[in-house]
Amino acid sequence: MEAKELLRVLHAAERLKDETRHCYTSGGRHESVAEHSWRLALTALFLCDEFPALDMDRVIRMCLIHDLGECFTGDIPSFLKSGGDEERERSALETWVASLPAPYNEELKALYAEMDALETDEARLYKALDKLEAVIQHNESDIATWLPREYELNLTYADENVAFSDYLRRLREEVRRETRDKIAAAEHNRQ
């Protein structure tokens with residue numbers, strides 16, 4: 001990729017550093033979309049040995065690019081995102097991906113199609129980790145930042161996404177244990 005074109009792409013992606021998510025960090029500030037994507041990719045890196053049959057490079061690529069559409073539309077929590085919101089994000093992302101030079105435009109287009117279809121184990125793993133990372137981050141944030149609906153959501157979110165893997169089911173159960181412990185501690189502190 002030519003230097004000028006690389007800078008154009010990086011300038012667009014930089015927006016994710018300032019785009020905040022609904023969740024807070026353990027330090028008490030809103031998490032950025034870039035931070036979420038970074039830790040999601042890091043999680044995939046550390047799971048290479050757990051999924052030796054999968055193309056983990058492909059999974060890490062999915063993790064890195066999965067929220068690039070939010071450069072153009074911002075982040076909307078999954079429980080508030082409408083079909084119209086999803087279409088606006090998809091359209092903006094497709095336009096941007098098409099503007100990339102070859103072979104990156106075709107590679108990203110193929111990755112997004114695979115991620116949307118959720119038919120490969122790589123895509124299913126990326127999606128499960130994406131949802132689990134959100135729950136893990138909620139568990140790390142101050143429970144005072146949680147919305148009432150998030151108490152139940154943190155106990156059930158991603159259950160269907162982890163069903164295809166024994167390892168992911170065990171990970172989900174450990175995350176659920178942390179959620180229950182956090183809720184119990186908060187209830188104890190209120191008494």
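How many salt bridges does the structure hold? The structure holds 21 salt bridges (a side-chain nitrogen of Lys or Arg within 4 Å of a carboxyl oxygen of Asp or Glu). This is a predicted model, in which local features need pLDDT of at least 70 and side-chain atom pairs count only at pLDDT 80 or more, while totals for chains, interfaces and linings use all residues. Residues are numbered from 1 along each chain as its sequence is written, and side-chain values use heavy atoms, with hydrogens and water left out.

**View 1. Salt bridge between Asp-67 and Arg-21.** The N to O distance of this pair is 3.8 Å. Asp-67 lies in the loop between helix H3 (56–65) and helix H4 (70–73) and Arg-21 in strand E1 (residues 20–24), so the pair ties together parts 46 residues apart in sequence. Helices (H or I, at least four residues) and strands (E, at least two) are DSSP runs, numbered from the N terminus. Both Asp-67 and Arg-21 are buried (under 20% relative accessible area; exposed is over 50% and partly exposed in between, with a 1.4 Å probe and protein chains only).

**View 2. Salt bridge between Arg-169 and Asp-166.** The closest N and O atoms are 2.0 Å apart. Both residues lie in helix H10 (residues 166–190), three residues apart, about one turn of the helix. Arg-169 is partly exposed at 37% relative accessible area, and Asp-166 is partly exposed at 48%.

**View 3. Salt bridge between Glu-173 and Arg-176.** Their side chains meet at 3.1 Å, N to O. Glu-173 is partly exposed at 39%, whereas Arg-176 is buried at 10%. A network of salt bridges links Asp-159, Arg-172, Glu-173, Arg-176 and Arg-180.
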